[in-house]
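Biologist: Could you take me through the place where the two chains meet, and then on into what lies around it? I would like one connected account, please.

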Amino acid sequence: MNIVVLLKQTPDTESVIRIAGDGRSIETQDIKWIINPYDEFAVEAALRLKEQHGGTVTIVSWGPQRVVESIRTALAMGADKGMLIDDEALEESDSLGIAKVLAAAVQELNPDIVLCGHRAVDYDHNQRGPMVAELLGWPHLPLAVSLECDGTTVKIERPVEGGKMVVESSLPAVVTMGGSHAVWNPRYASLPGIMKARKKPLDVKKLADLGLNPEECGSGAAKIRLVSLEMPPERKPGRIINGDLDTEGKAKELVRALREEAKVI
Amino acid sequence: MAESVCIVAEYRDGAFRKVSYEIASEGRRIADTLGLKLYGIAIGSGVSDKVQELAKYGVEKVLVADDPAFEHYIAETYVPAVAEMLQQCDPAVVLLPASMNGKDLSARLAARLETGLAQDSTEISVEDGKIKAKRPLFGGKCLGWYEWADDALVMISCRPNVMSMLEPDESKQAEVVKVDVSVPEARSKVVSVDMDTSGKIELTEAEIVVSGGRGMKGPENFAMLEELAGLLGAAVGASRAAVDAGWRPHSDQVGQTGKVVTPNLYIAVGISGAIQHLAGMGSSKYIVAVNKDPDAPIFSKADYGVVEDLFKFIPVFTEEVRKLKSSE
């Protein structure tokens, strides 16, 4: 099977986020960059498909040079090759612009299945998978917490509010990953894996290499843009329920406070 | 100039989901400000019967696609049908629910309509006829305001449980237009649906959440949180530690890599308050923390903190809540 994973590099979730001077971007100097956790689930699912069916796993990502490290990590996990689209024109693209670039890369690679996280833990647009699928004219199956593929059909289990569904599609299709670390348990890169990864092919492309131009997917084409960032409102300082009270006293006081002050019970 | 603000309602199991009325109310406010009509799109199987519910919240005309093919949500069939109906509404703004299916539909629809989507927005403002939408970023660690290009269709999915609902006006009636949408040949399909019939409350839509962390020490101890939640009409959540330990399902995880919740009351039990967890519940209206470690970071976010062994405190607190509820 020819498998493509669309991967995004994001700040580590431990990161404290600080707004930069321009008021519309974040400070990046102290950021530790990682593979978006949901895309890491996609890499794991892709590697399992390769183990089952044979074939290749290609990692496709976009952004500046620092993204190479995340692609290498995926290669160290077991993926076969990588592609980085590094073009300045994409700096202020919107989700649709990025999706156009990724769709073009997918068309070039001609895979049987495309996997990616259903959301990224930074800007959280939750659009990449469905948009790429729409541009390709393929079905997409979102929020997978399990994935089965016999080579011609892919079947996933996904949550819905109040329950779950099993959905399936013929290939080719896009599948987006849901669930959590506990569900997918992405493998660690082994030391031999890390050594091998250095020699695996990693192509760096510009928009022109994919037959695209900035007018179609760069900042000028963006239909939506981020204009300002703000921190969430400071919470009012709270209080510790009186330590001199015994357990029952504290419980009674908390009930009273929630009822009469907060009025939430 | 465009004619309408249009909402795409979410219909499931015989009724519109509550978020549909929230977006109808918000749509009404925006339509009034912009001097536009408010239209709705209803898609499902058997949805025609319930269409007038939307009218009570100010929707003037509803386009309906009612077909067994739409019984369960699948993007491949829903997106072309909704796109076709939207064309007939001539909208300037489209509002959708930021539920799981709503976000999925919105994203694919935005690509089909070649426009920009502000996903999971918590506030919309209109200034000099221009729309801005605010949405949480980095799991809620900061918020961003978004604007659209002048010629772009404004698409916004709204987080459930946030936009305030208007008082329903039972006297209002909407014009109903049944649309004979073409149902495409789909390569994807729903194989089975398994709904939880236990009456469990959905975490992201709950008014009260009781959540347990590593301090709970084991899955069996969550029974005491379920009991408390039952009395409060609350949903039960969990920190990543509890989910990673296999004590609770991943669908219960609150945090930057789980769900972001915005209840009126969040009770964190045995949760230390890692930055990722705080990102997921930090915009709760009121926060209570119960932890025997007085230095636990969770206390910095809590409105009310209880420094106590949770195994002593929770049963006693549950008893006090029971007394309160039975006296009502």
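Modeller: The contact between the chains draws on 74 residues of chain A and 80 residues of chain B, where two residues are in contact if their C-beta atoms, placed from the backbone, lie within 7 Å. This is a predicted model, in which local features need pLDDT of at least 70 and side-chain atom pairs count only at pLDDT 80 or more, while totals for chains, interfaces and linings use all residues. Residues are numbered from 1 along each chain as its sequence is written, and chains are lettered from A and ligands numbered from 1 in the order in which they are written.

On the chain A side, helix 8 (residues 247–261) gives the largest share, 10 residues. Helices (H or I, at least four residues) and strands (E, at least two) are DSSP runs, numbered from the N terminus. That side of chain A divides into 40 nonpolar, 16 polar and 18 charged residues; Ala, Val, Leu, Ile, Met, Phe, Trp, Tyr, Cys and Pro count as nonpolar, Asp, Glu, Lys and Arg as charged, and the others, Gly among them, as polar.

Strands also link the chains. Strand 10 (residues 163–170) of chain A runs antiparallel to strand 13 (residues 188–195) of chain B, with seven bridges joining them; strands pair if DSSP finds at least two bridges between them. A:Ser169, for example, has B:Ser188 in strand 13 of chain B as its bridge partner.

The largest nonpolar core has 138 residues, and among the members that touch the most others are A:Val5, A:Leu115, B:Leu54 and B:Val82. Such a core is a set of buried Ala, Val, Leu, Ile, Met, Phe, Trp, Tyr and Cys residues joined through C-beta atoms within 7 Å. A residue is buried if 20 or more other C-beta atoms lie within 10 Å of its own, with C-beta atoms placed from the backbone. Helix 3 (residues 95–109) of chain A supplies the largest share of this core, nine residues. Leaving out residues up to four places away in sequence, A:Val5 touches A:Ala46, A:Ile59 and A:Leu115, among others. A second, separate core of 54 residues includes A:Ala251, B:Ile267, B:Val306 and B:Phe317.

Finally, chain B itself is divided into domain 1 (4–178) and domain 2 (203–326), with bounds that come from an automatic or database domain assignment. Their centres, taken over C-alpha atoms, are separated by 32 Å. Eight residues of domain 1 of chain B are in contact with 11 residues of domain 2 of chain B.

How values were computed. A residue is buried if 20 or more other C-beta atoms lie within 10 Å of its own, exposed if 12 or fewer, and partly exposed in between; C-beta atoms are placed from the backbone.
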